[in-house]
Amino acid sequence: MTAEASSSASWALWDGQETVEQYARRVNLPATKTLDLGGGVTLDLVLIPAGKFVMGTPEPVPVDEAAFQKRILTGQIVFGIGAGILLLLISGMIVRAIWQRRRPQYSLAAFLVMIIFAGVVLLGGMHWWHSAQVLARAQAEYKAALGRFQNSYETEKPAHDVTLTKPFYMGKFGVTQTQYQQVMGINPSQFKGANRPVETVSWKNAAEFCKKVSEKTSLIVRLPTDAEREFACRAGTSTRYYTGDSEADLDKAAWYRANSKNTTHPVGQKLPNAWGAYDMHGNVLEWCQDWFEDYKPGAAVDPQGPSAPQGLSECQARVLRGGSWSNVARLCRAANRNWSAPDYRVDVSGFRVVVGISYQ
């Protein structure tokens, strides 16, 4: 059965914890794949699991402090009432002992009553303390979320649940100049280097490359969808970058404006993500299959984007993902989306390929 052809077959979803190698064994697939482009040139791919994720940038949910304060007040009231009654019981016993000029004594019933109210004091105190701790954590998480999702764009919203029902193979690196030259016979890149990513290629150029490799390998080779690209970039993370939230974390994963020295760099020099893909946040932007459109609310399954081009500032645009050597950090986030006309060529744009899975 050909790749991605059957809707009746189903694949296990990534469980959110296992490594890609463990997932590959579970679904009986190799964790990597290599395409022979001829002339001794190959293209390496890594397995991307089927799975679920939150696509886009969510709106941080403010903390309902009034509700927490009610819980804290409830604990304080219970603590106060219990402590007051317990104090009255103990004080009454002491006063009676002084009045009767004897050592304090109490009955079993009085002892049990004091134990009960001691428990009330403990219960109220724990409720008070726990509610205050939960409020503090919620406030800290909200503050962190504000920092994480600041400088996001409306094109990343609304965040929505996406399920990708089929695993697929994605290029370990962006297509290099050597690979592009082997298949297309030319190298349009401005920053020459055999192992640098090809750039100054349009969406149409990238699609033609995929077509030629499909014919050469008898596989369905294509560009990733918008959803596949973000899912593969995140590799199970929900942070700005697959290495974390800070710009220092981005520096570990990508070539971007602050560290690129205004040029591309050979692929694979920065840290890969958990699924073995490199340069997902920088070096060059990467074309996706989809026509650009704003997200629709609600969960989606294997979204493909619109079937016809949508108007955007009078421009029919295809999606670009990742970041480039010239982008600032905020434009390199996993959720960030770019777009451009499909025949537009510029030295920040390249691509990587996807190969579908045949059902076994």
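Mentor: Gladly! Let's begin with burial: a residue counts as buried under 20% relative accessible area, as exposed over 50%, and as partly exposed in between. Keep in mind that this model is predicted.

Trainee: Is Trp275 buried or exposed?

Mentor: Its relative accessibility is 3%, so Trp275 counts as buried. Trp14, with a relative accessible area of 15%, is buried as well.

Trainee: How should I read a pair of aromatic rings?

Mentor: Such a pair is described by the distance of the centres and the angle of the planes. Searching the whole structure gives 10 aromatic pairs. In one of them, the ring centres of Trp14 and Trp275 are 5.1 Å apart and the planes stand at 90 degrees, so this pair is edge-to-face; the angle cut-off for that class is over 60 degrees.

Trainee: Which parts of the chain does the pair of Trp14 and Trp275 link?

Mentor: Distant ones: Trp14 belongs to the segment before α1 (20-26), while Trp275 is in the loop between α7 (247-253) and β7 (285-291), and 261 residues separate them. Ring pairs also join Trp14 and Trp275 with Phe53 and Phe231 in a cluster.

Trainee: What kind of pair do Phe292 and Trp339 form?

Mentor: A tilted one, with 4.5 Å from centre to centre and 40 degrees between the planes. This pair too links distant parts of the chain, 47 residues apart: Phe292 sits in the loop between β7 and β8 (300-301), and Trp339 in strand β12 (residues 338-340). As for burial, Phe292 has 3% relative accessibility, so it counts as buried, whereas Trp339 at 35% is partly exposed.

Trainee: Which ring does the charged end of Arg318 sit over?

Mentor: Here we look for a charged end placed over the ring of an aromatic residue. For Arg318, that ring belongs to Trp203, and its centre is 3.7 Å away. Lys270 gives another case, with its charged end over the ring of Trp255 at 4.3 Å from the centre.

Trainee: And the backbone: what is the phi of Ser218?

Mentor: Ser218 is not a glycine, yet its phi is positive, about 60 degrees. Ser218 lies in the loop between α5 (203-217) and β6 (221-222), and it is exposed, with a relative accessible area of 67%. Ala235 also has a positive phi, near 50 degrees, but at 6% relative accessibility it counts as buried.

Trainee: Where is Pro158 found?

Mentor: Look in the loop between α3 (108-149) and β4 (160-164). Check omega there: the peptide bond from Lys157 to Pro158 is cis, with omega near 0 degrees.

Definitions and conventions: Residues are numbered from 1 along each chain as its sequence is written. This is a predicted model: local features need pLDDT of at least 70, side-chain atom pairs count only at pLDDT 80 or more; totals for chains, interfaces and linings use all residues. Side-chain values use heavy atoms; hydrogens and water are left out. Rings of Phe, Tyr and Trp (its six-membered ring) pair if their centres lie within 6.5 Å; planes under 30 degrees apart count as stacked, over 60 as edge-to-face and the rest as tilted. Helices (H or I, at least four residues) and strands (E, at least two) are DSSP runs, numbered from the N terminus. Buried means under 20% relative accessible area, exposed over 50%, partly exposed in between (1.4 Å probe, protein chains only). A charge sits over a ring if NZ of Lys or CZ of Arg is within 6 Å of the ring centre and within 35 degrees of the ring normal.
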